[in-house]
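These are my notebook entries on one structure. They record what I looked up, entry by entry.

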Amino acid sequence: MARMKFLCDAERCIECNACVVACKNENSVPWGVNRRRVVVLDDGVPGEKSISVACMHCTDAPCAAVCPVDCFYTTEDGIVLHDKDLCIGCGYCFYACPFGAPQYPQKEAFGVRGKMDKCTFCAGGPPADNSDAEYKKYGRNRIAEGKLPLCAEFCSTKALLGGDGDMIADIYRKRVLKRGGRPQTWGWETAYKAS
Amino acid sequence: MSKAETPNRGRRARYRRIMFWFIAIIVFGAMALPMGSYVYTGIQQAQAQSVKDTNPRANYWRAVRDGQGGYSAVTGTSMEGEVVNTETSMLINNGGQNWRQVRNGLIANYGGWFLFLVLIAILLFFAKVGRVPVEHGLSGQKVQRWNAFERFVHWVTAISFIILAISGLSLLFGRAVLIPLMGYPGFAAYAGLAKGLHNFVGPWLFTPGVALMIILWIRHNIPNAEDIQWFTQGGGFVGKGKHPHAGRMNGGEKIWFWFICTVGVAAIVSGFFMDFPNWWSASREGMQLASVVHAITGILWIALWFGHAYLGTIGTEGSLEGMTTGRVDVNWAKQHHDRWYEEVQSTSHEQGRDATTEVRGQPA
Ligand code: SF4
Ligand code: SF4
C-alpha cells in the first residue's frame, strides 16, 4: 500500500500561495482557518526560501498521541484523519503538533474553540466518501476519487509534491541529481519514521 | 614537366600548412591544457559558490529545525488572541514533542501511580490507626466552630473541587481508563461535558471560593512554635501520648492552607491562562507550560485533598459535624483545638455568655 507523503521542494517554491487558495476553495475550509500556508525564510534577502506546509501526516503522530478522546486515526495510506464528532476542542493536538497544523474555527473565553480542523490530505473523514456530511465537516475526498491533494496538483512549479512517498522521493532524487547538491526533504525527519 | 611539378609543389605547400597547424595546435595545447585545469577548478569553485549562495544548506535548515521562523502571508486563528501571525510563520515547533513527552509520560504515568499510592497509603493508615475517637466521649455540649458563611464557602468550594478533580482526571486518564468502558462516542460526549464544566466551574465557583477561604482564614493560619510541636507529636495520631496543642487551626491544617496558597494558586493561575487565552496573547509555549503546571499542581492538590477529606470524615470522629452543622462537641474541641477552645471560652465569658450549647438527645 502506498504511504502518502507531502514534500515541498524549497528550491522551487515561489510563494505564489496557489496551494493555500486551492485548499481553501476545494475543501470549503472554515473562516479563519488555513490548512496550508507558505512560510518564507529570509524574506527579501538573497537566498530566501519558501516552503508550503500543512499537516505532514506523521508516522507516529503527536496529535493522535495526546488527544484525550483518541479521535485520530491513520488510514491505510498513512493519512492522519480525525473525527470531528468526537473532538472536544481541548487544543492538545495543537500544543503537540510540530507543524502547527491543527486549528480552530472559534476563539472565545472559557476555552471555547469549536472542533479542530486540519489538512486531510484531501481524504475527508469518517462519514461515507464524498457524502454531504463528509464534505461539510472535512471537505472534498479526492483520494476516494483516485485523485491527489489539490494543493500539490495545483502547484505551478511542482515544488509541492503530494502522493506515494516512494514516487515522490524518486522524483525528488532525480531533481537533486540534476541540479547538484544535497537533498532537503523538508520536514521528513520530523514527520516520518524510516520504514 | 611543369605539369608534373605543379602537383608536387602543391602537395609540399599542403604538408607545410598541415605541419604549421599541427605545431600551432601542439603549442596552443601545451599552453592551453594547463590553463584548462585552472578553468576547470574555476568552474568547480563557481559551482560550489553558487550552491553555497543559493542554498546555505545545513546551517540554514538546522536553524529551521531549531525553531527559526520566517514570514507568512497566511494569517489564521490558530492561536487565540494573537495579533501578529507569529504562529503561522513558524515552520517547526519543537516544544510540542517535549510537551507530549511530559504530559503522556511523566504526568500521565507517574501522576496516576502517585495518586494511586496516596490512596493506598491512606487506606493502610486507616487500617493501622483507625478512626480517632473523641477521647473522653461526646459531651453533648456543642461549641460553634464554623459560621454559616464559612460553611457555605467551604461547601461550594468543596463541591466545585470534586467536579474539577473528576473532570480533570477524566481528561487525563479517560482515554486509557474510560474509553474501554464507555466507548468512543460515549466518552467523547462525557469528555466534552467535563471540559465545559471544568472551564466554567473553575473560574466561576472554585476560584472565588478559594479566594474567600484564604481571606477568611489566613489570620488563623499564621504558623507558630506550637505547630512544630504538633508535628513532632505526630498530630496526636501516632502514639497514645497527650494530644498536642493547637489553635483554631492545627499544624496539619496550616500545611493544607499554605499549600493551597502556593501550589493551589499556581493551579488556578495556570488554569486561567488556559481558559482565557483570548485575554492575553497566549503563545503556544505559554499554553504548553500552563498545561504542564496545571496538571502537576492539580494532581498534587488532589493527593493532599485525599488526606484532607479522610481526616475530615472517617479519619476523625466529630470533625465533619463542625463543617456540616457548624458546631463541634466540646470534648472534640478540647482534644484537637485546645488553645482555640480556651480562647472561645474566655472571650464569651468576657461578653457574659456561654459559648457552649446543650444538645438534647445526644449521648452525654
Ligand atoms: S503534522 Fe501535526 S496534525 Fe499532522 S499528523 Fe503530524 S502532529 Fe498530527
Ligand atoms: S482538540 Fe479535538 S482532536 Fe485535538 S486533541 Fe483535543 S479532542 Fe483531540
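**Chain B.** I looked up the secondary structure of chain B and found 12 helices and 4 strands. Helices (H or I, at least four residues) and strands (E, at least two) are DSSP runs, numbered from the N terminus. The model is predicted: local features need pLDDT of at least 70, side-chain atom pairs count only at pLDDT 80 or more, and totals for chains, interfaces and linings use all residues. Residues are numbered from 1 along each chain as its sequence is written, chains are lettered from A and ligands numbered from 1 in the order in which they are written, and side-chain values use heavy atoms, with hydrogens and water left out.

I noted that 38% of the 364 residues in chain B are buried; buried means under 20% relative accessible area, exposed over 50%, partly exposed in between (1.4 Å probe, protein chains only).

**Interface.** I next examined where chain A meets chain B. The contact (heavy atoms within 4.5 Å) takes 57 residues from chain A and 59 residues from chain B. The two chains bury about 5,000 Å² between them, and carbon and sulfur atoms give 58% of this. Buried area here is the accessible area (1.4 Å probe) that two parts lose on being put together, summed over both. On the side of chain A, the residues that lose the most area to chain B are A:Phe94, A:Tyr95 and A:Phe110, together 17% of what that side buries.

I then searched the interface for salt bridges (a side-chain nitrogen of Lys or Arg within 4 Å of a carboxyl oxygen of Asp or Glu) and recorded 2. A:Asp70 and B:Arg175 meet in a salt bridge at 3.0 Å, N to O.

**Salt bridges within chains.** Over all chains, I recorded 19 salt bridges in the whole structure. In one of them, A:Asp9 pairs with A:Arg175, with the closest N and O atoms 2.9 Å apart. The partners are 166 residues apart: A:Asp9 is in the loop between strand E1 (4–8) and helix H1 (18–27) of chain A, and A:Arg175 is in helix H6 (residues 165–179) of chain A. A:Asp9 counts as buried because its relative accessibility is 0%, and A:Arg175 is buried at 12%. A:Arg179 joins A:Asp9 and A:Arg175 in a network of salt bridges.

B:Arg145 is buried at 3% relative accessibility, whereas B:Glu253 is partly exposed at 25%.
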